[in-house]
Amino acid sequence: MAKLRIGGIWVGVIELELEIWTVAMLREEVAKRSNAEGPDSINLISAGKVLKDGDGTEKLSQLGIKNNAKILASRVSADEGKSLKHELMAEEERSSRLARVKEAATALSKRHIDGSLPIEDFNIELENQGGQKVQLGTETDQRAVMMGLMLHENAKNLIRRQLYKDALEVLTMGEEAFSLCDPKVLEFIDNVPILQIDIVWCYFLLRDISWLSVAGIRLEKAREGLERCHGKDFSRVRLLQAGCQPELALHMRLELLEGVVAYHNGQFDKSRKALTSAQAKFSQLQVPDEALSHVMSMGFKERDARRALRLNSQDIGSAVDFLFEEKAKRAQKLEDDIRHRMEIMEQKQYGVTPLKKAVNLEKLKELVAIGFEKNLSAEALRRNENDFQKALDDLTNPETNSTIQLDIESRKRKRKQRTADARIKELVSMGFDRSRVVAAVQAGETMEQTMSRLLSESEPLPNVDANNNGNPASEPNNVNPDSVSNNDTVEGPSTAAEEARDVVMEDELARDIDSADALSDYDIEVTKEGEAINEYLTLLASTDGKKALSS
């Protein structure tokens with residue numbers, strides 16, 4: 001039995017079992033002894049920290065409370081107590097969600113980089129701004145970059161929803177992910193400097209003065225990174241984007257934030273220079289109504305038309321060309337996505353290698369081009385971890401080739417039997433006579449035909465031993481034996497892996513990525529930036545006025 005020394009609204013000692021009592025139980029006991037309105041009106045503090053109920057199962061000993069510990073009890077109004085409780089619950093829910101975001105990004109990046117067979121019907125790949133697939137360093141580097149990109153996209157979505165605190169935490173996770181990558185690899189991409197700008201933008205939107213000490217350092221890194229990737233005169237990024245000026249809004253935000261940091265550090269001349277430059281870029285980004293109306297009259301939506309004009313220096317001809325190019329890119333992306341889904345479906349037919357990798361379709365095409373049968377080639381690659389030469393050796397060896405063929409046929413028969421047994425079990429559980437079900441399944445009928453036959457009972461079925469669960473006379477028509485994995489023991493990702501997935505959060509991250517394109521980082525709605533520029537230029541003018549008066 002331990003003793004806790006209570007001070008505050010009630011002074012005394014409470015004897016209890018630390019391994020049994022929870023915070024809620026202690027709060028209720030203090031409320032009763034102090035004649036408080038109820039447990040919700042009691043606040044408990046230990047070692048400078050507010051004791052939280054958590055999920056209600058954590059014991060005091062698990063929270064670090066020891067014998068003779070001092071607990072400060074204070075009273076709050078019932079409404080304030082409930083408000084505090086709701087606030088703590090909201091904070092716990094928020095922390096839980098952020099942890100889920102990180103875990104989902106980690107899981108997705110691992111599955112889609114290491115060659116594992118995707119559980120989903122899509123595959124996530126790294127691309128450059130031209131839409132071509134890229135290989136960045138080692139597998140670890142690629143996984144780090146992919147995780148960083150996913151977290152960055154999710155954070156930008158949170159910023160759009162004005163959840164700046166959550167966005168800042170996710171951006172910090174993204175920065176941590178990028179830090180796992182070889183710095184030399186990161187020199188070739190502008191995602192990291194853009195993430196630095198977004199972190200400081202969140203600082204600004206939260207109006208948290210404590211960020212000043214690190215904001216300047218982050219902005220210096222961002223400028224260095226952008227100059228390295230884009231070129232000092234932006235020539236590199238404009239070359240990649242066929243002459244349009246996507247970087248203008250991004251650099252306007254960078255200069256705005258540099259001006260804000262300089263202002264709060266008392267560097268007023270530097271602040272004025274940065275803000276004046278940002279204001280000039282802001283003016284360049286304003287889309288004339290006439291130009292917008294002209295482009296929209298060609299059938300384009302307002303958001304698309306405004307974006308095209310902003311990225312093309314308000315030039316109508318270039319904006320229209322840009323919109324048609326984007327439309328063609330979207331159509332091509334749709335075709336590519338369909339092809340990727342079909343490839344994934346095909347890979348799932350072949351199962352996974354002993355190390356859980358998908359069969360390499362490019363190597364499979366090479367073997368088929370030589371003249372080997374497709375399923376046989378896929379199985380040879382699957383057995384040999386996609387080693388082309390070993391698979392070729394097995395296929396050209398008559399004995400090994402024959403063994404592979406026998407294994408494939410054996411697995412097909414087993415799959416047919418499992419399919420039939422599962423169908424029989426399902427139909428018998430519905431109340432149908434087992435002998436009639438077995439006969440119908442062995443007759444090779446589809447599920448719909450079998451159901452119709454059993455319900456009508458109008459057509460007699462051949463007599464079959466009710467206990468016979470042997471091989472069906474023919475395969476059910478709606479099951480293609482070649483459409484199932486050749487690997488009998490490992491047919492795609494394991495059920496355990498699927499159960500461990502956070503499907504909701506993974507889908508959210510996937511949607512964030514799918515909605516982005518090569519110009520998403522530069523496509524900034526600049527209304528808030530314009531307001532901030534005016535605000536700080538006004539502050540500078542006020543500072544100048546005070547200096548004039550004092551002189």
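Y203 and W211 are both buried, where buried means under 20% relative accessible area, exposed over 50% and partly exposed in between, with a 1.4 Å probe and protein chains only. The model is a predicted one, in which local features need pLDDT of at least 70, side-chain atom pairs count only at pLDDT 80 or more, and totals for chains, interfaces and linings use all residues. Residues are numbered from 1 along each chain as its sequence is written, and side-chain values use heavy atoms, with hydrogens and water left out.

The structure holds six aromatic pairs. Rings of Phe, Tyr and Trp (its six-membered ring) pair if their centres lie within 6.5 Å; planes under 30 degrees apart count as stacked, over 60 as edge-to-face and the rest as tilted. The pair of Y203 and W211 is stacked, because the ring centres are 5.8 Å apart and the planes stand at 10°. Y263 and Y536 form an edge-to-face pair, with 5.5 Å centre to centre and 80° between the planes. This pair links distant parts of the chain, since Y263 belongs to helix α9 (residues 248–264) and Y536 to helix α22 (residues 527–550), 273 residues apart. Helices (H or I, at least four residues) and strands (E, at least two) are DSSP runs, numbered from the N terminus. Both Y263 and Y536 are buried.

Y263 and Y536 also belong to a cluster, in which ring pairs link them with W201, F204 and F268. F204 has a charged neighbour as well: R207 lies over the face of its ring, at 4.4 Å from the ring centre. A charge sits over a ring if NZ of Lys or CZ of Arg is within 6 Å of the ring centre and within 35 degrees of the ring normal.

Helix α6 (residues 191–206) includes N191. N191 counts as buried because its relative accessibility is 15%. Leaving aside neighbours within four places in sequence, N191 is in contact (heavy atoms within 4.5 Å) with L149, H152, F178 and D521.

Two strands pair if DSSP finds at least two bridges between them. Strand β1 (residues 2–8) and strand β2 (residues 12–16) run antiparallel and are joined by five bridges. With three residues between them, β1 and β2 form a hairpin, and L4 stands opposite I14 in β2. β1 also pairs with strand β5 (residues 70–75), here in the parallel sense and over four bridges. In that pairing G8 stands opposite A73 in β5.
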